[in-house]
Amino acid sequence: MDLRRNADLQQRLAAEFALGTLRGRARQRMRRWIAQEPAFAAAVRDWELRLAPLAAAAVPVQPPARVWRGIEERLGGARAQPSGIWANLAFWRNLGLLASGMAAGLLATFIVMAPRATPPAPQPVVIRVPSNEMAASYLAVLADPKTQKPMLIVSAGRSSNELWVKTLDPAAHVADRSLELWALPPGQPPKSLGVVPRSEKMTALKLVATADQAFAEVPALAVSLEPPGGSPTGAPTGPVLYTGPFLKYW
């Protein structure tokens, strides 16, 4: 497989590597390509930067009680245990959650603030979204094609009829104009998904069908600059400002 001749494949594999969906031998193979192919290594870095806001927005999840019981059993819970704070399981749980949250925050800060200029073939920093903490979803991080700066996050559950949009940078919006979101099905005209709300909070757009029906064959999304209220023609009339692959996460 020659990655140098297939830019689309480079982007797809880089996105999957950054998300952490590749496992076992496939992930080992990707690590070798990162070391051998500077262009692929750069694509992985770009995706890690695009996905950094997801790590920053992640919230700690309390593990089920069965997980802690299993840990106690593996550590020999039946033996006599010391008393005091060092034997207090709640203390260690809370300390672990706090440490995990601090580590995630430091990781996200490092990725966002790190300069783009890096030595050749650096070791990538991988952001993983554990599959047991995120439902099966369609996910896109839309970025400025020139700067690769993430501007919007778009997501939808597979069986949901709502498309959730969040503005990452208020500068994405233009005064007296509207941003319109488009699905880009292969071989077909762009399909409008609605006007992007100006709110910086996560906002839902209604879909005419479930996400699986609407997006099963949609590989990418785009945002165009339109007159107030959206395109008057049903097709993009202004320049395309932001684009990004629409990934299936399951």
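**Reading pockets, helices and a core**

Trainee: How do the residues of the lining of the second largest pocket divide into nonpolar, polar and charged?

Mentor: There are 13 nonpolar, five polar and six charged residues in that lining. Ala, Val, Leu, Ile, Met, Phe, Trp, Tyr, Cys and Pro count as nonpolar, Asp, Glu, Lys and Arg as charged, and the others, Gly among them, as polar. One caution: this is a predicted model, where local features need pLDDT of at least 70 and side-chain atom pairs count only at pLDDT 80 or more, while totals for chains, interfaces and linings use all residues. Residues are numbered from 1 along each chain as its sequence is written, and side-chain values use heavy atoms, without hydrogens and water.

Trainee: What is a pocket, and how much space lies in this second largest one?

Mentor: Rolling a probe the size of a water molecule over the atoms shows where empty space is left. On a 1 Å grid over the protein atoms alone, a pocket is an open set of points where a 1.4 Å probe fits, with protein on both sides within 12 Å along at least five of seven lines; lining residues have an atom within 4 Å of a point. Here the second largest pocket holds about 500 Å³. That volume is the space filled by probe spheres set on the points, which are joined across faces, edges and corners.

Trainee: Which residues lie nearest its centre, and which element gives the most to its lining?

Mentor: Of 24 lining residues, Arg12, Pro219, Pro245, Phe246 and Leu247 lie nearest the centre. Helix 1 gives the most, with six residues. Helices (H or I, at least four residues) and strands (E, at least two) are DSSP runs numbered from the N terminus. Helix 3 (38-57) and strand 8 (240-245) are among the others that each supply at least two.

Trainee: How do I read helix 2, and which of its residues are buried?

Mentor: Start with its span, expected to be 1.5 Å times one less than the number of residues. Helix 2 (residues 24-36) has 13 residues and reaches 19 Å from first C-alpha to last, close to the expected 18 Å. Next, accessibility: buried means under 20% relative accessible area, exposed over 50%, partly exposed in between (1.4 Å probe, protein chains only). Arg27, Met30, Trp33 and Ile34 are the buried residues of helix 2. Seen down the axis, they fall within an arc of 115°, so they line one face of the helix. The arc takes directions from the helix axis to the C-beta atoms. On the face turned away sit the exposed residues Arg25, Ala35 and Gln36.

Trainee: Which residues have the most contacts inside the largest nonpolar core?

Mentor: In soluble globular proteins, nonpolar side chains tend to be buried together. A nonpolar core is a set of buried Ala, Val, Leu, Ile, Met, Phe, Trp, Tyr and Cys residues joined through side-chain atoms within 4.5 Å. The largest one has 25 residues, and Leu142, Leu163, Leu181, Phe215 and Leu221 have the most contacts inside it. Strand 2 gives the most to this core, with four residues.

Trainee: Is Gln148 buried or exposed, and where does it lie?

Mentor: Gln148 is buried, at 18% relative accessible area. It lies in the loop between strand 1 (137-143) and strand 2 (150-157). Asp176 is exposed, at 66%, in the loop between strand 3 (162-167) and strand 4 (178-183).
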